[in-house]
Amino acid sequence: MASRNFMRTASLARTAMSGVRKVSTLRTALSANILPAVSVSAAAIKPNFQTRGLKTLDFGGSIENVIERSDYPPEKYQEIFKDDTLCMLGYGTQGRGQALNLRDNGMNVIVGIRENGGSWQKALDDGWVPGKNLFNIDDALSKGTVIMYLLSDAGQKLAWDQVKPHLTAGKTLYVSHGFSIVFNEDSGVVPPADIDVILCAPKGSGTTVRNLFLEGRGINGSVAVYQDVSGKAKERVEALGIAAGCGYLYETTFEKETYSDLVGERGVLMGMIQGAFQAQYDVLRANGHSPSEAFNETCEEATQSLYPLVGANGMDWMYANCSTTAQRGALDWYPKFEKALKPVFEELYAEVKNGNECRRSIEVNSKPDYKESLEKELDVLRESEMWRAGVTVRGLRPENQ
């Protein structure tokens, strides 16, 4: 087990952390200007918004611009949008998270969803008031000056004919994924030429966007401008990104955000990780290991012990704080996995870039029985031996007993 010798002595821990603090001060600063997560209430966390001032940073040898929360304190983004009504279309996880954060940050935001649809009650439960800041889609669109188009990608295609007439001169179209605009030949989403078109893409689910905000923190995100009619689109998207709950923002383009997002989801973030988990689990089981041992050595140790260390201080630091046997094995074998996986990622990137992944997503996700079909696919995962073993293993965690 790679983590058995982790932090072998308190002295080693203090020495390692001392060095890490010196090296990772910048990394820590980029995590939204807060202390590491601890068991304190959100109200007790009071970020000092004025302590950071770097505008360009070195990312592995490349200099990039970074927008920080201190660049847009509440009084600044409230002033920028004092004459605007932010209209949130869609109340899925991303729309809900951003809408609630914007409301809590004092922005004039309304929500537009199908009346008495699946999300209507959820919005009521969150305190949105019909006729005040909760409307049907057409009424919300007529009131909004910044249309925050956060429906699903397939939903954006279906709703575009309803939305487009409301995008009159001088308004702003805001998205959190460039998918529909980049692949407009498939989606039909072509914005009018006389409006600003901007993107802020928080790098996580809407649930994480909301939870980190409530903790006094902030998720990282990317921003881009597709059309700048007002001459102020860059400032406005940066301000909206911070107001919506981001701790810092980096610059991208609509195309690059779309490609990287689709590759990441299908790759190491979701698709590849399930494939890797399953492959290792199956090999262990085929060689006589019990389900509990196979799951612990495949998934549980990864998610509960090692991945948090990578997230906190990097892969090298995690390796350095594991046993020498684990270090040697990892250093010898990761190039083999890299060689095996790179052709798959090259194929994946090509399929994203040529639009095939876009077309498949729109086709499958637009089917009337999509939710039922999705549930069947998820049920295959849920009922697999590996993840059924996982239910039992998670139940044995001390906090769950």
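Visitor: Which residues does R103 touch, not counting those up to four places away in sequence?

Guide: This is a predicted model, so read the contacts as computed from it. R103 touches V109, D126, G127 and W128. Take W128 from that list. R103 and W128 sit 25 residues apart in sequence, and their C-alpha atoms are 9.9 Å apart in space.

Visitor: Where is the place of R103?

Guide: R103 belongs to helix α4, residues 93–104. Its relative accessibility is 27%, so R103 counts as partly exposed.

Visitor: How much of the chain can I read with confidence?

Guide: Start with pLDDT. The mean for the protein chain is 88. Residues at 70 or more make up 87%. Over residues 3–54, pLDDT stays under 50. The model has 66 contacts beyond four places in sequence for that stretch. Where pLDDT is low, the predicted coordinates should not be read in detail.

Visitor: What about the overall build? How many helices and strands does the protein chain have?

Guide: There are 19 helices and 10 strands in the protein chain. Next, check burial. Of the 401 residues, 40% are buried. Then check the contacts. Take those between residues at least 6 apart in sequence: 68% of them join residues at least 24 apart. Last, the surface. The protein chain exposes about 21,300 Å², and carbon and sulfur atoms supply 54% of that area.

Visitor: How do I check a single helix?

Guide: Helix α13 covers residues 271–286, which is 16 residues. From first C-alpha to last, α13 reaches 23 Å, close to the 22 Å expected at 1.5 Å a residue. An α-helix has 3.6 residues a turn, so residues three or four places apart point the same way.

Visitor: Which residue with a positive phi follows α13?

Guide: G288 follows α13, and its phi is near 90 degrees.

Visitor: Now a contrasting case. Is S180 buried or exposed?

Guide: S180 has 1% relative accessibility, so it counts as buried. The residue is in helix α8, residues 179–182. Leaving out residues up to four places away in sequence, S180 touches D153, Q156, S187 and V189.

Visitor: Let us turn to charges. How many salt bridges does the count come to?

Guide: The count comes to 16 salt bridges. Begin with D186 and R359. Their side chains meet in a salt bridge at 3.2 Å, N to O. This pair links distant parts of the chain, 173 residues apart. D186 is in helix α9 (residues 184–187), and R359 is in helix α17 (residues 356–365).

Visitor: What is the N to O distance where E257 and K203 meet?

Guide: The salt bridge of E257 and K203 is 3.9 Å, N to O. E257 lies in helix α12, and K203 in the loop between β8 (196–202) and α10 (206–214), so the pair ties together parts 54 residues apart in sequence. E257 counts as buried, at 2% relative accessibility. K203 is partly exposed, with a relative accessible area of 27%.

Visitor: With which residue does E251 form a salt bridge?

Guide: E251 pairs with K234, and the closest N and O atoms are 3.5 Å apart. The pair links strand β10 (residues 246–251), which holds E251, to helix α11 (residues 233–243), which holds K234. The two residues are 17 residues apart. E251 is partly exposed, with a relative accessible area of 35%. K234 counts as partly exposed too, at 43% relative accessibility.

Visitor: Which residues are linked in a network of salt bridges with K234?

Guide: E238 and E251 are linked with K234 in that network.

Key: Residues are numbered from 1 along each chain as its sequence is written. This is a predicted model: local features need pLDDT of at least 70, side-chain atom pairs count only at pLDDT 80 or more; totals for chains, interfaces and linings use all residues. Side-chain values use heavy atoms; hydrogens and water are left out. pLDDT is the predictor's confidence in each residue, from 0 to 100. Contact means heavy atoms within 4.5 Å. Helices (H or I, at least four residues) and strands (E, at least two) are DSSP runs, numbered from the N terminus. The expected span of a helix is 1.5 Å times one less than its number of residues. Buried means under 20% relative accessible area, exposed over 50%, partly exposed in between (1.4 Å probe, protein chains only). Accessible areas come from the Shrake-Rupley method with a 1.4 Å probe; for residues, only the protein chains shown count as cover. A salt bridge is a side-chain nitrogen of Lys or Arg within 4 Å of a carboxyl oxygen of Asp or Glu.
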